[in-house]
Amino acid sequence: MDEAEFQRKKAEMGPWYWWGIQTFFKCKFDENPANCDIALVGVPHSSGNGSTERDQHLGPRAVRNVSGWYRRGHQKYGIVPWESARINDLGDVPLPHAMVNDICVKDIEGFYKRLDRSGTRPVSIGGDHAITGPILKALAGKDANLTQGRKCALLHFDAHRDDYEHIPHWLGAERSAAHWAAYTVVAQHVDPAHSVQLGMRGNPIRPRADLNFSKLGYRLIPADEFFEIGIEKTIEIIR
């Protein structure tokens, strides 16, 4: 088999999800953020939400595996994203202190500051929700390149608000999956007046009068309100 035949056979195998080294959506693997416009990043983190099964760190590997099923083009809109922009898999954030959340979030923030300096826009696959805070801290606020020093607007789909200032830590984690939506506002990375939290539902552990009211200034659309006002009104509020 000469080189030309080898490359031809590789090209023929490209569409098959079960062939090759699995990356996100079969994108090129390149750890240098300067070489892409959009960076796909795995954040294999599980220690920010100790109240659930600690297997969220397996998420990036699982998504890489199943994402090979996806087709390359979008029939309805007639676009092939991979041809419209340079999109690479940058691999995973290294988290050598994986069992210690409040060290991990510093490593996550440091990793994303590299991306911010390069100007690439990340799409992140976690990981538990504690990863959101350090990512926002790296990409938005007075020292951020991508937002040109401005705070970011947050569109947050979740069952929980994650702005629980009334508790000092979540099972020992201070910058946890339950705190990030608060400390990013306090530290001037998120603008709550231009942000929406959508889908909050369920009964709280302890009844509180402000369950559907944000002291930080977020516009909340709990699940009950969403079902009442519908999709079109919700989109109007978000815009």
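Guide: Let us begin with the second largest pocket, which has a volume of about 420 Å³, keeping in mind that the model is a predicted one.

Visitor: Which residues line the second largest pocket, and which elements give two or more of them?

Guide: The lining of this pocket consists of 17 residues, and Pro122, Ser124, Ile135, Leu136 and Leu139 are those nearest its centre. Two or more lining residues come from each of β4 (121-126) and α5 (132-139), and the largest share, 6 residues, belongs to β4.

Visitor: What makes α5 a mostly covered helix?

Guide: A residue is called buried when its relative accessible area is under 20%, and 8 of the 8 residues of α5 are buried. They are Thr132, Gly133, Pro134, Ile135, Leu136, Lys137, Ala138 and Leu139, and the elements that cover them include α4 (101-118), β4 and α6. After α5 comes Gly141, with a positive phi near 110°.

Visitor: Why is Phe25 called partly exposed?

Guide: The relative accessibility of Phe25 is 24%, and the class in question lies between the buried limit of under 20% and the exposed limit of over 50%; Phe25 therefore counts as partly exposed. Phe25 sits in the loop between α1 (3-13) and β1 (28-29), and its phi, near 55°, is positive in a residue other than glycine. For context, most residues other than glycine have a negative phi.

Visitor: How do you know that Gln188 is partly exposed, and where does it lie?

Guide: Gln188 has a relative accessibility of 45%, so it counts as partly exposed, since the exposed class requires a value over 50%. Its place is the loop between α6 (180-186) and β6 (196-198), and, although Gln188 is not a glycine, its phi is positive, at about 70°.

Visitor: Why does Leu95 count as buried, and which residues does it touch?

Guide: Leu95 has 12% relative accessibility and therefore counts as buried, the cut-off being under 20%. Leaving aside residues up to four places away in sequence, Leu95 touches Pro44, His45, Cys104, Asp107 and Ile108. Leu95 is placed in the loop between β3 (87-92) and α4, and its C-alpha atom is 7.8 Å from that of Ile108, which is 13 residues apart from it along the chain.

Visitor: What does the protein as a whole look like in terms of elements, burial and contacts?

Guide: The protein has 7 helices and 7 strands, which run from the N terminus as α-β-β-α-α-β-α-β-α-β-α-β-β-α. Of its 239 residues, 40% count as buried, and 69% of the contacts between residues at least 6 apart in sequence join residues at least 24 apart. Its C-alpha atoms fill a box of roughly 70 × 45 × 35 Å along the principal axes.

Note on methods:
Residues numbered from 1 in each chain as written. Predicted model: local features only at pLDDT ≥ 70, side-chain atom pairs only at ≥ 80, totals over all residues. Heavy atoms only, no water. Helix = DSSP H or I, 4+ residues; strand = E, 2+ residues; numbered from the N terminus. Buried < 20%, exposed > 50% of the residue type's maximum accessible area, 1.4 Å probe, protein only. Contact = heavy atoms within 4.5 Å. 1 Å grid on protein atoms, 1.4 Å probe; cavity = no way out; pocket = protein on both sides within 12 Å on 5 of 7 lines; lining within 4 Å. Points joined across faces, edges and corners; volume = space filled by probe spheres on them.
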